[in-house]
Amino acid sequence: MRVLFITGKGGVGKSAISSATALKLAELGYETLLMSTDPAHTLSDLFETRIGAEETKISKNLDAVQVDVVHEVTKHYSEIMDFITKVLKARKIDEILAYEIANFPGITGAAALLKLLRYLEDKTHDVYILDMVPSGDALRILYLPFIFSKFSRRFMKLFAPFVEIGKPIPAIANIPLPSKELIETEVQLLEMLEKIHSYMVDPKITSLRIIMNPDSFSIENAKRTLIQACIYGLNTDLVIVNKILPEELAESYLSEWYKIQRDYLYRCELEFNPIPIKKVKLLNKEVKGLESIKTLANEIFGDDDPAKVYYEGKPMQIVQGDEGLKIILKVPHVKRDELEIERYGDELLIHLNTFIGKSVVILPLPAVAYKFSLKKAKIIKDELHIYFGEAHE
Ligand SMILES: Nc1ncnc2c1ncn2[C@@H]1O[C@H](COP(=O)(O)OP(=O)(O)OP(=O)(O)O)[C@@H](O)[C@H]1O
Ligand SMILES: [Mg+2]
């Protein structure tokens, strides 16, 4: 069983690539379910057929479903969502958490994950593909199980003892009192989120696939996504650079674009190393209808099996210790005297001067690093270890 999350900046081709991946898998004989949470009904447009809130058959082995998040949440979880909002309003249980939830538009994205879990538990299909909605922080929906289960555990510690022994629940600080039913829902929800979590962090099951175009905005966005995925223990197994101008346009009106794109492609190779990259050309027309989805699928995967795990590993690790923070990056074939590191605000600039030329890798730092300052860096085997310590000397 495989779960593929397709993410990337707005408009890079997530829906087109999700659909192409799904179609290829179905052709190879996998029972495939393509899921979308996009209220714009992109999948219906792409496949030129109505895709509803329940699984709709698209072709042999391929089903699609348009998750109606509002419906899902109100049907299954409205009570608990209301309560969480009240709790957060009444008291800051956890600043980070409050911030995350406050930033989560309507918190409804969780519904897609919960629906996915129901499918996974019922083993309805072999491969599940989630075409994600664009946003600056596209991964937030995937963070929910991590954030929520942390919150839930605290919540449970506060109230669970009273539920067990049937005592009246005392008012704690100014947190509103939950009902017994609510706590039971909470327990179920916690169990479900823990299950989702265990599926998500298993690299044999779940892969994140990051889509980008050869332009600086979508590459920056992709890098941040990759780092966030590393922080949360999600395995990114493939990077797809989409909409690359084909070679026949090198000497045309678009020649400048063509050249710029080659530079960006070269940067991608450096920056996403060691994750494999697939390069996909801009087709000569919009992707719409089964035939053109099929063309795109062949362009991306050829004879490849999209269900395979393309890469498994941690290109970046963040270790927090007593004395500070350590970031470990995979940098094969690079020697210490070939690189120089510099901190610039919330980014780390890694200057590389290797046999393939000079370049700079810009690494956005995780929020936890903001309070530390850069101390030293070492190469240990194929890894670059960067140490951060207390800001004051
Ligand atoms: N390789 C390609 N060649 C030609 N057109 C493409 C290619 N990939 C995507 N497109 C076109 O780009 C547009 C955006 O694609 P798509 O809707 O898949 O992007 P998206 O990332 O899902 O967007 P959103 O962020 O709005 O969900 C569509 O018109 C699609 O047909
Ligand atoms: Mg889309």
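**Close-up views of a predicted model**

**View 1. The largest nonpolar core.** The largest nonpolar core holds 62 residues, and Met-35, Ile-129 and Leu-130 have the most contacts inside it. Helix H1 gives the most to this core, with 7 residues. A nonpolar core is a set of buried Ala, Val, Leu, Ile, Met, Phe, Trp, Tyr and Cys residues joined through C-beta atoms within 7 Å. A residue is buried if 20 or more other C-beta atoms lie within 10 Å of its own, exposed if 12 or fewer, and partly exposed in between, with C-beta atoms placed from the backbone. A second, separate core has 6 residues, including Ile-350, Leu-363, Leu-365 and Phe-388. The structure is a predicted model, in which local features need pLDDT of at least 70 and side-chain atom pairs count only at pLDDT 80 or more, while totals for chains, interfaces and linings use all residues. Residues are numbered from 1 along each chain as its sequence is written, and chains are lettered from A and ligands numbered from 1 in the order in which they are written.

**View 2. Surroundings of Ile-129.** Beyond its neighbours within four places in sequence, Ile-129 is in contact with Leu-4, Ile-6, Ser-18, Thr-21, Ala-22, Thr-32, Leu-34 and Met-35. Contact here requires C-beta atoms, placed from the backbone, within 7 Å. Across the protein chain, 70% of the contacts with a separation of 6 or more join residues 24 or more positions apart. Buried residues make up 33% of the chain's 393 residues.

**View 3. The sheet of 8 strands.** This open sheet has the strand order S3-S4-S2-S5-S1-S6-S7-S8, with mixed pairing. Strand S3 (56-59) and strand S8 (277-281) each have a single partner strand, so one side of each is left without a neighbour in the sheet. From one strand to the next, the twist averages 25 degrees. Strands S6 (residues 206-212) and S7 (residues 236-244) pair in the parallel sense over 5 bridges; Ile-211 has Ile-240 in S7 as its bridge partner. Helices (H or I, at least four residues) and strands (E, at least two) are DSSP runs numbered from the N terminus, and two strands pair if DSSP finds at least two bridges between them. The protein chain has 11 helices and 15 strands.

View 4. Axes are lines fitted to C-alpha atoms, for helices over the stretch in contact, and angles run from 0 to 180 degrees between N-to-C directions. H1 (residues 14-27) is largely enclosed by the rest of the structure, because 13 of its 14 residues are buried. After H1 comes Gly-29, with a positive phi near 100 degrees.

**View 5. The sheet of 4 strands.** The order in this open sheet is S9-S10-S15-S14, with antiparallel pairing. Its edge strands, S9 (316-320) and S14, each pair on one side only. S10 (residues 324-330) and S15 (residues 383-390) pair in the antiparallel sense over 7 bridges, and Lys-326 stands opposite Tyr-387 in S15.

**View 6. The loop at Ala-367.** Ala-367 lies in the loop between strand S13 (357-364) and strand S14 (372-380). This residue counts as exposed because it has 11 C-beta neighbours inside 10 Å. Ala-367 and Asp-346 are 21 residues apart in sequence, with their C-alpha atoms 8.1 Å apart in space.

Note on methods
The expected span of a helix is 1.5 Å times one less than its number of residues. Two residues are in contact if their C-beta atoms, placed from the backbone, lie within 7 Å.
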